Structures are given as C-alpha cells and as structure tokens.
Amino acid sequence: MQGGSSGIGYGLKYQARCISDVKADRDHTSFLTGTLSLKEENEVHLLRLSPGGSELVCEGLFSHPDEIWDLASSPFDQRIFSTVFSTGESFGAAIWQIPEPYGQSNSSTLECVASLDAHVGKINCVLWCPSGKSDKLVSLDEQNLVLWSLDCSKKSAEVISKESAGMRHSLSGGAWNPHDVNSVAATSESSIQFWDLRTMKKVNSIERAHVRNVDYNSKRENILVTADDESGIHVWDLRKAKVPVQELPGHTHWTWAVRCNPEYEELILSVGTDSAVNLWFASASSENKTSESSLEASRQRVNPLLNSYTDYEDSVYGLAWSSREPWIFASLSYDGRVVIESVKPFLPRR
C-alpha cells in the first residue's frame, strides 16, 4: 500500500461536501461541485481536466442562492443538474441549467428549470435514472420517495407518485439500479430498502444499522456495496443478501461514501471523516474469475487496501469516478479542496 497523494488540486472559496461526474460530457473529463456557506453567496464550479491531464481548470462559475447539500449531474444533458439545498431554515431541491455561453470571466446565475417542491421536511438527495435519456427522477426526504417526470423544454417537473417509507424508518440516501430502471435502493437508520418504481412499493430489504451510503456495481448485476458509519464497507450479492460476501475495514473514523468503478469491477473507492480516500480491491464482486491473472491477483493480495490518499486536512465527503476516463476520480474535502487522482498503477490486468 502506498500513501500520500500526487493528485491535481483545486481550491473552492467556501466549504463543500458534494461533487459529481458530468457523465453527459463526452468530450471532456468534467466534474461539478457546489459550496456550502451559510453567510456567503454559494457557487457551482464546472471543472475540467486539461487535455494533457496536468491541470484542473474552472470552465464555469455560477451563483447558487443557498447551501448545497447534494448535487447530481444529468446523465443525458451536460448543462442540466440537480441540487438539494438549505436556506438555513428549510430544505429544497431544484433542477438547474447552465447558461450558454459560460466561462469563469462571466459568472452568471443559473437558470432554474424546475423546483421539486413535493417534500415537507429535510430532503436528502435527488437520483437521476442512469439508463439513457430518461425524464424520470427520484427524490428522497426522511420519510418519502417521490417519482417525478421532468420536462426541461417546458421547465416543469410533475409528481408521478409518492410513497411513505413508514414512520419507523428515516431515509438518508439512495442509488438507482443501473441494471433495472424500475429499481431504487434507499438507505435508512436500520436497513437498506429496495423499491419497485412501477408500484412504488418496497419489495425487499437488508436489515443493517447505520448504513451511510450505497452504490451499485455497474458491471455486475446483483452486486451492491454499502458504507457503514463505523463498521466499514460491505459487498452484497442481492440474490443471497442475508450476509455480505465481502467485508472491508473502511476508515479509522466514519466511512462516509463508497463508489464502484464504472469499468473495472474489482475497484471500489471510499472516503471518510478520517481525511482519507481509500482504494480497494474487492475480489468478491466478481462471480466468475476465469482469467488466470485475476485468480493470481486475488491469491497474492492479502490486504484489499490498494492505496490510501491522505493529502487532506479535513473530512472527505465528496467522491466521483470519471465515466469518460474510469481510471480518474475526484474527491472533495469539507474545506473545499478538490483533488483529481489516477489509479492506473492499480488497474487489474486484462
């Protein structure tokens, strides 16, 4: 295992906790991030990796009215994204469009496409359907899942259906299944819930306390990865989900977020409040290890921790792989430090 960091840094003016890969940008490795300042005007930064990969450039700087607690880029339009925000007194969520032309020199206010105003109480996240150009969104507050139909051309978002998770459950986040457009996983204080969006009913659950974050493996249909506050990272096979198929130690403090690599199924990233980003080799996420190199790698790798990136002075909350260059990832610490890293030295042999 190596340590430290040799990444490319970029500093935001204010504190921040969320960053998103711009999946719809097919020409650049781009990320969106937003700030979390109660007293100052908040900002959304559009960051792009330079063609030579040596610099992280701010291609757009946009005003945002409130603290940004969650941010997700549209998978079908690089100018569209969602935020969950707090005014200091209440939470809200909206869909935004980046104006054109844009650039750091002409900072401008974002255009609000639609407000997701069917919630009462704290909204936690907005999920975009990961499959193709879809007009569907899911938003989650502490008690409810809301399925939306979004029409950007008409600047409207209509509620298709809304369902309560039940008073005994306090929802905290979720992930949309990339293998099934009708399936969403939602995390709560005591379980991971699986919802069928056609009926808006809970169809299954894994009883698990204090799950902080969840992500699907896009290369393996039945594999789910969870980050638990204090007990690390767990890899689940949803066909036999009574016990995890692999457990990883996580972080020395809370494990905050976990992300599966979009291309290399064995690689998992995690971030935590111990000011570290960890890269893991999760061999259990592959059912059929037919290649000799993969078999040999799993035999030799007793320690699943490939690398720990420790060039941070604050808790790391934001994490995103690049879908365009899947060996690149971006991380974000609470003090507003964005770091771009490459995991090429650790890629499994093909």
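**View 1. Strands E13 and E14 of the predicted model pair in the antiparallel sense**. Strand E13 covers residues 144-151, and eight bridges connect E13 with E14; two strands count as paired if DSSP finds at least two bridges between them. Strands (E, at least two residues) and helices (H or I, at least four residues) are DSSP runs, numbered from the N terminus. Leu-150 has Ala-157 in E14 as its bridge partner. The model is a predicted one, in which local features need pLDDT of at least 70 and side-chain atom pairs count only at pLDDT 80 or more, while totals for chains, interfaces and linings use all residues. Residues are numbered from 1 along each chain as its sequence is written, and side-chain values use heavy atoms, with hydrogens and water left out.

**View 2. An open sheet is formed by four strands in the order E11-E12-E13-E14**. The pairing in this sheet is antiparallel. Strand E11 (123-128) and strand E14 (156-164) stand at the edges; each has a single partner strand, so one side of each lacks a neighbour in the sheet. From one strand to the next the twist averages 20°, where axes are lines fitted to C-alpha atoms (for helices over the stretch in contact) and angles run from 0 to 180 degrees between N-to-C directions.

**View 3. Strand E21 (residues 232-237) is largely enclosed by the rest of the structure, because six of its six residues are buried**. Buried means under 20% relative accessible area, exposed over 50%, and partly exposed in between (1.4 Å probe, protein chains only). Strand E20 (residues 223-228) runs antiparallel to E21 and is joined to E21 by six bridges. The hairpin from E20 to E21 passes through three residues. Ile-223 has Asp-237 in E21 as its bridge partner. E21 also pairs with strand E22 (residues 246-248), in the antiparallel sense and over three bridges. Here Val-235 stands opposite Gln-246 in E22.

View 4. The loop holding Met-200 lies between strand E17 (191-196) and strand E18 (201-207). Met-200 counts as buried, at 4% relative accessibility.

**View 5. Ser-275 is not a glycine, although its phi is positive, at about 65°**. With 16% relative accessibility, Ser-275 counts as buried.

**View 6. The cysteines form zero disulfides by the distance rule**. The rule requires a pair of cysteine sulfur atoms within 2.5 Å. Cys-112 is in no disulfide, and the nearest cysteine sulfur, that of Cys-152, is 11 Å away. Cys-112 is partly exposed, with a relative accessible area of 35%. Cys-260 is likewise in no disulfide; the nearest cysteine sulfur belongs to Cys-125, 17 Å away. Cys-260 is buried, at a relative accessible area of 9%.

**View 7. The protein as a whole has one helix and 29 strands**. Its radius of gyration is 19 Å, close to the 20 Å that the globule rule gives for 350 residues, so the protein is as compact as a globular protein of that length. The radius is taken over C-alpha atoms, and the globule rule is 2.2 Å times the number of residues to the power 0.38. Along the principal axes, the C-alpha atoms fill a box of roughly 55 × 45 × 35 Å. Of the 350 residues, 57% are buried.
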